[in-house]
Amino acid sequence: MKQYIYLVGLLLLLHSGYSSFEYHKFGIEISLDIKLESLIGVLLIIIGSIINIENESFLTIDNKVIKNKAKYLKFIKMSDAVQLGESLGVTDYEEYNTRLPFINI
Amino acid sequence: MSVSYPLLKKKLLLIASSGQFAKFTSQQLLDTYSELNQFLLSYTSKLDSIELFNLYELNFYLAILTKNESDAKLTLDRLTDQFGTNSQRIKILQSIYQESIGNLKAAGDYLTENPDELQLSRRLTTLSRDGKYISNLIYYINLQPGDLIAWSELSSEYAKIGDYKKAIFCLKEIILVDKVAYPIHYKIGLYYYYIYLQEKETTRLKKEKLIELVTELKHARDYFLYCIEINEGYGKAWVGLNQILNLDIHNKAKEVNDKDIKKITEDNERIKGIVNDKVKLYI
C-alpha cells in the first residue's frame with residue numbers, strides 16, 4: 001500500500017511534466033488542472049516517504065514479535081522510550097548486567 | 001514458525017551487540033546457536049561485512065559456551081584471516097579460546113603481550129577467579145577508573161560475599177557517569193534493603209539501631225523512587241518499594257521521638273497509597 005502512494009505520486013508528476021512540455025511546444029499557457037496534478041504528485045511523494053519511515057517490529061529471544069508502540073520516531077519521554085527494551089528483555093543498560101568482557105568460560 | 005529475514009537479523013545483531021548471551025540459560029544458548037548457524041548458512045551473501053563479522057563473533061562465543069570448540073576454532077580462524085592478530089578484540093577471542101580448551105598459560109600470554117592494551121588487562125583479571133579476583137579488579141580499576149563495566153563486575157563480586165556497602169559504592173560510581181541507568185538505581189535500592197535484612201535484629205531494638213535501620217530503608221526507598229522516576233513501568237522497583245513500605249519496623253519508628261525519623265515515616269505514609277495501587281499491576 002505504502003509503495004503504491006509513491007508510484008501514484010510519481011506517475012502524476014511525470015504526466016504533469018509531459019503535459020506541460022506539450023503545452024510549451026505550442027506556446028499555450030499551462031492550465032490549472034496540470035498545475036494541480038503536479039502539486040498533488042509532489043504531495044503524494046512526500047506523504048509516501050513519511051509513511052515509509054515507520055518503525056519496524058522486533059523479535060524477542062523466544063521469537064515473539066514485539067510491535068514498536070512509537071509509530072515513527074522514538075518517544076521523547078524516557079519512561080515511554082525504554083519500554084521497548086523492557087519488552088524485548090534488552091535494555092540500553094544491558095552491558096552492566098551481562099558484563100561480557102568478564103564472561104566466565 | 002518461519003521468521004522473516006530482517007527481524008531475525010535484527011534480533012541476532014542485538015544479541016551480539018548487547019552481550020545478552022552471557023546470561024542465557026543452556027537451552028537458550030543451544031537454540032540461539034542453531035538459529036545463528038541456520039541464518040549464516042542461508043543469508044551470508046545478503047549481509048554487509050560489519051554485520052557478517054559481528055555475527056561471526058557471536059557464533060564464536062556461542063560455540064565456546066555450548067562446548068563446540070572445533071566450530072569456535074574455525075570461526076576464530078576466519079576472523080584472524082580477515083583482521084590479523086594485532087587487534088585487542090581478536091587477542092581476547094584467542095585468549096578465550098585457549099582458556100576454553102584448558103590452556104591457561106597460553107590464554108595469559110595473549111593478554112600480557114602489551115601492558116598498555118587495557119582491554120587485555122581487563123580480561124587478564126578474570127584468569128584468577130579465586131580469592132584474588134577482587135584485588136585484581138581493584139588494581140585494574142586504579143588503572144582505568146572510567147570503566148563502568150568493571151565497576152559493575154566489582155559490585156557484583158562484593159554482593160556475592162555480602163559486602164553490600166562496598167557493592168553500593170561501586171554502583172554509585174556508575175550512576176555518577178550514567179545518571180539515568182535505572183536498573184542500577186534499582187540495584188542500589190535492593191542492596192540497601194539487603195543491608196537492612198543483614199542488620200535487623202529479632203530482639204528488641206535500641207533507639208540508635210532503629211534509627212540506623214530506618215535510615216537504610218529510607219535510602220532503599222529513595223533509590224527505588226529514582227528508578228521509577230526514570231522508568232515508571234519498572235515493575236521490580238514498585239514491588240521493592242511496596243515491600244519496604246509495609247515493614248513492621250515503621251510502626252516501631254513512629255514511637256521514636258526523632259525529627260528525622262518522623263519526616264521519613266510521614267513521607268512513607270504519603271506515598272503508601274500510590275504504591276499499593278500501582279503494585280497490583282505487577283504482582
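**First stop: a helix pair in chain B**

Select helix 8 of chain B, which passes helix 9 of chain B in a left-handed crossing (the near helix is turned anticlockwise from the far one by less than a right angle; clockwise would be right-handed). This is a predicted model, where local features need pLDDT of at least 70 and side-chain atom pairs count only at pLDDT 80 or more, while totals for chains, interfaces and linings use all residues. Residues are numbered from 1 along each chain as its sequence is written, chains are lettered from A and ligands numbered from 1 in the order in which they are written, and side-chain values use heavy atoms, with hydrogens and water left out.

Helix 8 of chain B covers residues 133–143 and helix 9 of chain B residues 148–160; they pack at an angle of about 155 degrees, axes 10 Å apart. Helices here are DSSP runs (H or I, at least four residues), numbered from the N terminus. The two are therefore roughly antiparallel to each other (an angle over 145 degrees, taken from 0 to 180 degrees between N-to-C directions of lines fitted to C-alpha atoms over the stretch in contact).

Show side chains at the contact (heavy atoms within 4.5 Å): helix 8 of chain B brings residues including B:Y133, B:L137 and B:I141, and helix 9 of chain B brings, among them, B:W151, B:L154 and B:Y158. The residues of this contact divide into ten nonpolar, no polar and two charged (Ala, Val, Leu, Ile, Met, Phe, Trp, Tyr, Cys and Pro are nonpolar; Asp, Glu, Lys and Arg charged; the others, Gly among them, polar).

**Next: the aromatics**

Over all chains there are 19 aromatic pairs (Phe, Tyr or Trp rings, Trp by its six-membered ring, with centres within 6.5 Å; planes under 30 degrees apart are stacked, over 60 edge-to-face, the rest tilted). Pick B:Y5 and B:F39: ring centres 5.7 Å apart and planes at 5 degrees, so the pair is stacked. B:F39 is buried, with a relative accessible area of 1% (buried is under 20%, with a 1.4 Å probe and protein chains only).

Now jump to B:Y164 and B:Y191, whose ring centres are 5.3 Å apart with planes at 45 degrees, so this pair is tilted. B:Y164 sits in helix 10 of chain B and B:Y191 in helix 11 of chain B, 27 residues apart.

For a cluster, select A:Y93, B:Y182, B:Y186, B:F224 and B:Y234.

**Last stop: an arginine**

Is B:R123 buried or exposed? B:R123 is buried, with a relative accessible area of 1%, and lies in helix 7 of chain B. Among the residues that B:R123 touches are A:L100, A:F102, B:I92 and B:E99.

Notes:
Parallel < 35°, antiparallel > 145°, perpendicular 65-115°, else oblique. Buried < 20%, exposed > 50% of the residue type's maximum accessible area, 1.4 Å probe, protein only. Lists of a residue's contacts leave out its neighbours within four places in sequence.
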